[in-house]
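The following note sets out points for a colleague's reading of the model.

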Amino acid sequence: MRILLVAPPGAGKGTQGALIATHFDVPHIATGDLLRDHVARRTPLGLAVQDCLDRGELVSDEIVLNIVRDEVEKAKREGRGYVLDGMPRNMTQARAIYQIARTLDMTAQVVLHLVADDDELVRRLLARAALEHRTDDTEEVVRRRLAIYHDVTHPIVDWYDQRGILVAVDAMQPVDRVARQILTALEAMRPLVNLVPESARQSIDLTGLGKAFGNH
Ligand code: AMP
């Protein structure tokens, strides 16, 4: 499977991305983790992006696209799919990753969108700040990251909806229920992804599922 994960900060994309990667035995390519690793190792790239990460701003498209190109090429060489977590973050990245993936015959088959309220996201991110000491989890930076998400990241969801490859899941539910809904939806799609032409694909909206089963 080749999956893009698009979600606001704090919606659980790291946790769910890792789970999906294990379930489908594909690499979990998390741009935030890769960038933080460069910062921790104080590589030239890490030193160049550290300020952006601390301020909650997006690093340059060129930097993240270079990192992701290498990782997708590696997945291709290994004959595997991927879960790409944290990329694309804006329309330029969405178009660029599509072009890169097309040349490798590795375009995404599913875009998984995690949906959550801002108030809950802020609560979760501040709770995480206390545990993990991430430099970008202070309230001011959290609010900036959410604002950037709404301004430039969320609009790309509509683009994927039009391409018929969007699966939306309610991420406000308990983490194990979110995981189960994601894996059920992806398993249901697995036999179809290579068979259904792009023009005939249908987006799937599971965000009302919890309510339908009386969870809200
Ligand atoms: P994340 O772990 O996905 O929340 O990302 C943490 C930080 O890494 C973000 O706030 C950005 O500074 C940077 N980052 C991660 N992915 C990208 C991306 N695709 N484009 C630009 N910046 C990114």
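1. A polar contact is taken here as a pair of N or O atoms within 3.5 Å; within protein, one atom must be able to donate a hydrogen and the other to accept it, and residues adjacent in sequence count only if both atoms are side-chain atoms. On that basis, a polar side-chain atom of threonine 43 lies 2.9 Å from the backbone nitrogen of glycine 46.

2. The model is predicted, so that local features need pLDDT of at least 70 and side-chain atom pairs count only at pLDDT 80 or more, while totals for chains, interfaces and linings use all residues. Residues are numbered from 1 along each chain as its sequence is written, and side-chain values use heavy atoms, with hydrogens and water left out.

3. Threonine 43 belongs to the loop between H2 and helix H3 (44-55); helices (H or I, at least four residues) and strands (E, at least two) are DSSP runs numbered from the N terminus. Is threonine 43 buried or exposed? Threonine 43 counts as buried because its relative accessibility is 14%, where buried means under 20% relative accessible area, exposed over 50%, and partly exposed in between (1.4 Å probe, protein chains only). Between threonine 43 and valine 169 there are 37 Å from C-alpha to C-alpha, at a sequence separation of 126 residues.

4. The ligand is surrounded by 17 residues, and the closest are Lys13, Thr31, Glu57, Gly86 and Gln93; a residue is near a molecule if one of its heavy atoms lies within 4 Å of it. Helix H2 (residues 31-41) supplies the largest share of this shell, four residues. Sorted by class, the shell holds seven charged, six nonpolar and four polar residues. The classes are as follows: Ala, Val, Leu, Ile, Met, Phe, Trp, Tyr, Cys and Pro count as nonpolar, Asp, Glu, Lys and Arg as charged, and the others, Gly among them, as polar.

5. An N or O atom in the side chain of lysine 13 is 2.7 Å from a ligand oxygen, and for arginine 36 the corresponding side-chain distance to a ligand oxygen is 3.0 Å. Glycine 86 places a polar backbone atom 2.9 Å from a nitrogen of the ligand. The protein covers 97% of the 480 Å² of accessible area that the ligand has on its own; accessible areas come from the Shrake-Rupley method with a 1.4 Å probe, and for residues only the protein chains shown count as cover.

6. Where does the ligand sit? The ligand is placed in the largest pocket. A pocket is an open set of points on a 1 Å grid over the protein atoms alone, where a 1.4 Å probe fits, with protein on both sides within 12 Å along at least five of seven lines. A molecule sits in a pocket if more than half of its atoms lie within 2 Å of its grid points.

7. Two further polar contacts involve buried residues. Aspartate 85, in strand S3 (residues 82-85), counts as buried because its relative accessibility is 4%, and its side chain joins that of histidine 28 in a polar contact of 2.8 Å. Threonine 153, in helix H7 (residues 139-153), is buried because its relative accessible area is 3%; a polar atom of its side chain lies 2.6 Å from the backbone oxygen of arginine 89.

8. Most residues other than glycine have a negative phi, and most peptide bonds are trans. Methionine 87 and proline 88 are joined by a cis peptide bond with omega about 5°, and proline 88 is found in the loop between S3 and helix H5 (91-103). Aspartate 25, although not a glycine, has a positive phi of about 55°; aspartate 25 lies in the loop between H1 and strand S2 (28-30) and counts as exposed because its relative accessibility is 56%. Aspartate 105 also has a positive phi, near 60°. Aspartate 105 is in the loop between H5 and strand S4 (110-115) and is exposed because its relative accessible area is 61%.

9. Two alanines complete the note. Alanine 18 in helix H1 (residues 13-24) counts as partly exposed because its relative accessibility is 33%. Alanine 168 in strand S5 (residues 166-170) counts as buried because its relative accessibility is 8%.

Note on methods
1 Å grid on protein atoms, 1.4 Å probe; cavity = no way out; pocket = protein on both sides within 12 Å on 5 of 7 lines; lining within 4 Å.
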